[in-house]
Amino acid sequence: MENASKALIIAGAILLSILIIGLGMMVFNNAKNVLTSANLDQEQIDAFNSKFESYIGLNKRGTDIRTLCDTVKNSNAVEDENKITMVYEGNGSFSNGVQSQTDILKLRNTLKNGQRYDLEAEYDEKGTKLMNKIIIKDHKTTSSTPTE
């Protein structure tokens, strides 16, 4: 009887240690997945930014900026973590920035096809150079001839 109770205690200790090891492995794998999904490599960052960088600059056409709004809207619909915020400094309702589908559509409809705009990009503070904000300003003409 004494040997049987010792065998049960040993078996219980072995099962408990297997359970603790399995739990540790599960926690480690979950932490590893979070770290890998949070850290994008440079190629992924460049691919993400390249969708928007051609629109950044001075004296851009309204039609191009409206296309950019569609691109941002589609990107934000797909991306869970890396969403672009659009800010339009020419209209108070968009000066705090928008990310949602409906707000970007409203911003798109506010922009005029024949008007010119200046665009700036802001990148995250983590040092990854991932674009996270596009600022749209009305173009201020300094000369009488518009340039591209």
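This is a predicted model: local features need pLDDT of at least 70, side-chain atom pairs count only at pLDDT 80 or more; totals for chains, interfaces and linings use all residues.
Leaving aside its neighbours within four places in sequence, which residues is lysine 133 in contact with?

Residues are numbered from 1 along each chain as its sequence is written, and side-chain values use heavy atoms, with hydrogens and water left out.

Now the overview. The chain has 4 helices and 4 strands. Helices (H or I, at least four residues) and strands (E, at least two) are DSSP runs, numbered from the N terminus. Along the sequence, the pattern reads α-α-β-α-β-α-β-β. Of the 148 residues in the chain, 26% are buried. Buried means under 20% relative accessible area, exposed means over 50%, and partly exposed is in between, using a 1.4 Å probe and protein chains only.

Back to lysine 133. Its place is in strand 4. The contacts are Thr85, Val87, Glu120, Ala121 and Glu122, leaving aside neighbours within four places in sequence. Contact means heavy atoms within 4.5 Å. Take glutamate 120: 13 residues separate it from lysine 133 in sequence, and the C-alpha to C-alpha distance is 8.3 Å. Lysine 133 has 27% relative accessibility, so it counts as partly exposed.

Next, helix 3. It has 17 residues. From first C-alpha to last it reaches 25 Å, close to the 24 Å expected at 1.5 Å a residue. That expected span is 1.5 Å times one less than the number of residues. Its buried residues are Gly62, Ile65, Arg66, Leu68, Cys69, Val72, Lys73, Ser75 and Asn76. What covers them? The cover includes helix 2, strand 1 (57-61), strand 2 (85-88), helix 4 (101-110), strand 3 (116-123) and strand 4 (131-138).

Two of those partners are helices. Two packed helices are described by the angle between their axes and the distance between the axes. Axes here are lines fitted to C-alpha atoms, for helices over the stretch in contact, and angles run from 0 to 180 degrees between N-to-C directions.

Helix 2 (residues 42-53) and helix 3 (residues 62-78) have axes that come within 9 Å and cross at roughly 150 degrees. That makes helix 2 roughly antiparallel to helix 3. The cut-offs: under 35 degrees is roughly parallel, over 145 roughly antiparallel, 65 to 115 roughly perpendicular, and the rest oblique. On the helix 2 side, Phe48, Lys51 and Phe52 meet Leu68, Thr71, Val72 and Ser75 of helix 3. By type, this contact has 4 nonpolar, 2 polar and 1 charged. Ala, Val, Leu, Ile, Met, Phe, Trp, Tyr, Cys and Pro count as nonpolar, Asp, Glu, Lys and Arg as charged, and the others, Gly among them, as polar.

Now helix 4. Its axis and that of helix 3 are 9 Å apart, at an angle of about 175 degrees. These two helices are therefore roughly antiparallel to each other. Helix 3 brings Arg66, Cys69, Asp70, Val72, Lys73, Asn76 and Ala77, while helix 4 brings Gln101, Ile104, Leu107, Arg108 and Asn109. That contact divides into 5 nonpolar, 3 polar and 4 charged.

Is alanine 77 buried or exposed? Exposed, with a relative accessible area of 52%.

Last stop, asparagine 59 in strand 1. Most residues other than glycine have a negative phi. Asparagine 59 is not a glycine, yet its phi is positive, about 60 degrees. Asparagine 59 is also buried, with a relative accessible area of 4%.
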